[in-house]
Amino acid sequence: MTDDWPGFEEFPAEAELPPDGMSRRRFVQLLGASLALAGLGACMERPRERILPYVTSPPDVEPGTAEWYATSMTLGGYGIGLLVKSREGRPIKIEGNPDHPASLGAAGIYQQASLLQLYDPQRSKRLRQDRKPSDWQSFVSQFAPASLRGRVGQRGEGLHFLLEPTASPLLASLLGRLRDLYPNVSVHLYAPLAYSGQRTAAVTAFGAALMPLYDVRQADVILAVDSDFLGSGPFHLRYARDFAERRRPSSPDGSMSRLYAIEPVPSVTGTSADHRLRARAGDLEGILGAIAAQVILGPSGGPEGLPDAMAAVLDRYRRDERNPGWVPEIARDLAAAGHRSAVVVGESLPPRVHLLGHLVNLALGNIGTTIRYVKRPLIEPETGHDGLATLVEAMQAGAVHTLVMLDANPAYTAPAGLDFRRALGRVGETVSLGLFEDETGRLSQWHLPLAHYLESWDDCRAYDGTAGLVQPLIAPLYGGKTVAQVLGAFLGEGDWSSHDLVRAQWSGHWGKADAPERWNEAVQRGIVSDTAFSPLTPLPRWNDIAAALGPRLNQGAGGMELVFQADPCVYDGRFANNAWLQELPDPMTKLAWDNAALVSPATARRLRVETGDELRLRQGGQQLTIAALVHPGMADEVLGLRLGYGRGSGDESLAEGVGVNAYPLRMSETSYSSPGVTIDATGAHHQLARTQTHWGLEGRPIALHTTLAHYREQPNFAREERGSPLSLYRGPPLGSGDQWAMTIDLSACTGCSACVVACQAENNIPVVGKEGVLRSREMHWLRIDRYFTGDAEDPQVISQPMLCQHCEKAPCEYVCPVEATVHSPDGLNEMVYNRCVGTRFCSNNCPYKVRRFNWFDYNAELAETERMAKNPEVTIRARGVMEKCTFCVQRIRQAQIAAGLEGRELHDGEVRTACQQACPSQAIVFGSLTHPNAEVVRRRAEPRSYTVLHELGTEPRVRYLARLTNPNPALQRERDGG
Ligand code: SF4
Ligand code: SF4
């Protein structure tokens, strides 16, 4: 070819280079190049102990066959049950465990992306002491009781442990034994996102540390007070599933629940609500207090027997003149729903707001219907960041001889005012155990690599108390140890494996005779049966509640307010090195590879700033510089700061230098919000990479939505708007067998983006980095479009998953000069990669803009470990081809082959696409149109089903179900200006 075309090279050298503006070093970092790891794949081993597949237990692993194993991942102290697909001893895909109460088969972004974390080539790889390599045996002999007692005495004076709040029965028992061995040992529990308001309020209200569990299926009216219960937290997968059940009427006479959300910064839950009401964080107590007063006191002044002190407290909230006009309407709606309502208060809120939430729920009789209380599964500190504050105090006083930090990174996350780094200098000996040699690891004398949960035996508890087992899918890649093993070393059990420790923990749980069988069953299912906590019926202590709330109103301070939040992608920073999560657009702002200070349009006008303008924030003697991002829906005079960025361990990790670290502005006592921040524009500008910069529907019927009331009047509104186009084209000839199709219910979709990461993991989708996103070259086959409608300052939000629509009359197919994109007999729009010459005509002619062009060989320099994350059932595309959603064709073909071998037809539901499988709200349904009883056929027949850009005559196989909302008629009239 080059002979015929002098000067033409099919693969010019420049094409292998990174895009302009990205250094070679950064590009290689992004791709995770690490030649040092060459050969590691050969060392890959299955765990030595007996692990048990979820379904069957073949005697030997057959090459080429996948096995599924149940395990659990712990985040925020609670476990979520998972199923992990393994091929030849390496985990390749993570999904939810349908038997687990917290997931019911779904998996969120962190669970999906934890696979990439396992294979991260920048994980900590060696145990070291004082910068020199060491080994586990040396560590064990140094810290075993016989040796350690010589330094901390018989009672463990000056021995301190720091770890996150945990619900693990194994860790609870090891910590108990440690206290027996060293009576003066101090155990500090701290996590930057662990808040104590809910616990403190429960102790005040009921005299016990209880946790509310919500059954949102039973609730007709829900009020969320800055609670993102559908989008984050250890329960959100289950709550999203339950909530969606009441949000999709299959017929116009079906019923729907109603959700009100009051919050300062838009969240997944807020944007899924029928009414999202903006409020400053400092005003939330007054607002909920006013609602409580209206509900409880009503026109009669309150029920008989209401303590006078309580009536007086509520009356003060009622008379607060700053109450917004919508308060009475929400209170009326809650009261009308009675015991079929629920008030959900965000975990980060202070105890007083939680107390008011308890009051409303008690007054409405919700306990036992929409809410049950169980004892809190976590071992946690009693107040806020106390765990760390008392430790730092002891460190500064020189009272800490040995500090052991287990999977904690306080050098990065410690609140401002606690100078953890300086205090560390006063500690005799320091040990850190971490997945990465992070900010804390680098400052410690001893550093040990932590075993990833996919390499570990462990246990956990779900939010309802259900115990789960963690079984490893692969032997530790870098000789990592679990938190339990390190605690075991301090107990003199340094030679115990993580398996020994877990087995010993659970051996007494069952009778001796059936213990082996029950253990096997628990490992196989990932769950220990019958361990959920029983619901309790607590008696409210009215006087204590009144005393805690009175005698004054706690009014929010004026001035600009900071609100700190976990980042919806990198969490508290622990996932900052995960390229899938860095590239995942923030579900609200669509920002990737960065964080920013979110401000409302009105506040931005007052400050005279625009998106990208750099702001200098000053508070409490601290300051930081961060770009502004103007975001409709923000409460005015509030600045939203996402935590988890600006990592600075001084290495060349992926997370290094991405975004700005907001922890230095966060105080212990105001870790959720703080008033009185000073803001100046620096005059500089920072480029933010966003995957969507235009969010108006411009009157086009793309993401259709209406109210339930209108749907009842005009059930066919979605179709009537469309008309039936004439077409000159004939569709492709379709076969007689299965005809694949998908429906996506916009009423159920919350925009959480779990499906995006699931698709990325399943289909070997590469990341392109910030520079690639700035050039709109992101490769996601599935994206979540987010549209704003209504008021420009305070809009309603619709999230619309957008993927290849698998059009029957596909515009891409007609224009491809080499027939690289063609139709399959079963209705798939297929890509033939080795035919594609990269003209991109197809992408230009695609009205949905779902085709992605592979500009660079993004996989060329992947580390050996990162290659292990690739799904062997899906091609890894080379540079220069167009790619897009395939409807997970590999899953279809596998199921067809399996059914063919058994001589039967496929059942409905047998093929589940990766996005469908992950979706917690079951918004996505996939199936064949030739199965008359298929769920996809039933959903397509709903009056609210429609196809996007129907007027173009493309006849997509993806249909959407229009979003329905169930607004309060009075507030809706107000919103409409009536
Ligand atoms: Fe989340 Fe995707 Fe499901 Fe929507 S469709 S709820 S974004 S997983
Ligand atoms: Fe991705 Fe498969 Fe869903 Fe298509 S069907 S968007 S390929 S997960």
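**View 1. Lys590, in the loop between helix H22 (579-583) and strand E20 (591-592).** Helices (H or I, at least four residues) and strands (E, at least two) are DSSP runs, numbered from the N terminus. Welcome to this predicted model, where local features need pLDDT of at least 70, side-chain atom pairs count only at pLDDT 80 or more, and totals for chains, interfaces and linings use all residues. Residues are numbered from 1 along each chain as its sequence is written, chains are lettered from A and ligands numbered from 1 in the order in which they are written, and side-chain values use heavy atoms, leaving out hydrogens and water. Most residues other than glycine have a negative phi. Lys590 is not a glycine, yet its phi is positive, at about 65°. Its relative accessibility is 2%, so Lys590 counts as buried; buried means under 20% relative accessible area, exposed over 50%, and partly exposed in between (1.4 Å probe, protein chains only).

**View 2. Arg608, in the loop between helix H23 (601-607) and strand E22 (613-619).** Here is another residue to look at for its backbone. Arg608 has a positive phi of about 55°, although it is not a glycine. Is Arg608 buried or exposed? With 75% relative accessibility, Arg608 counts as exposed.

**View 3. Helices H4 (residues 136-143) and H5 (residues 145-152) where their axes cross.** The two axes come within 4 Å and cross at roughly 50°. Axes are lines fitted to C-alpha atoms, for helices over the stretch in contact, and angles run from 0 to 180 degrees between N-to-C directions. H4 and H5 are therefore oblique to each other: angles under 35 degrees count as roughly parallel, over 145 as roughly antiparallel, 65 to 115 as roughly perpendicular and the rest as oblique. In contact terms (heavy atoms within 4.5 Å), Ser141, Gln142 and Phe143 of H4 meet Pro145, Ser147, Leu148 and Arg151 of H5. Sorted by class, this contact has three nonpolar, three polar and one charged residues. For these classes, Ala, Val, Leu, Ile, Met, Phe, Trp, Tyr, Cys and Pro count as nonpolar, Asp, Glu, Lys and Arg as charged, and the others, Gly among them, as polar.

**View 4. The shell of 13 residues around ligand 1.** Cys749, Cys752, Ser753, Cys755 and Cys919 come nearest to the ligand. A residue is near a molecule or strand if one of its heavy atoms lies within 4 Å of it. The shell of ligand 1 holds nine nonpolar, four polar and no charged residues.

**View 5. The shell of 13 residues around ligand 2.** Which residues are the closest to ligand 2? They are Cys759, Asn763, Cys885, Cys888 and Cys915. Around ligand 2, the shell divides into 10 nonpolar, three polar and no charged residues.

**View 6. Cys812, a buried cysteine.** A disulfide is a covalent bond between the sulfur atoms of two cysteines. Searching the whole structure for a pair of cysteine sulfur atoms within 2.5 Å finds zero disulfides. Cys812 is in no disulfide, and the nearest cysteine sulfur, that of Cys842, is 6.3 Å away. The relative accessible area of Cys812 is 6%.

**View 7. Tyr787, in strand E30 (residues 783-789).** Tyr787 has 9% relative accessibility and so counts as buried. Gly696 is 91 residues away from Tyr787 in sequence, but the two are 5.8 Å apart in space, C-alpha to C-alpha. Not counting residues up to four places away in sequence, Tyr787 touches several others, including Trp695, Leu697, Ile702 and Val797.
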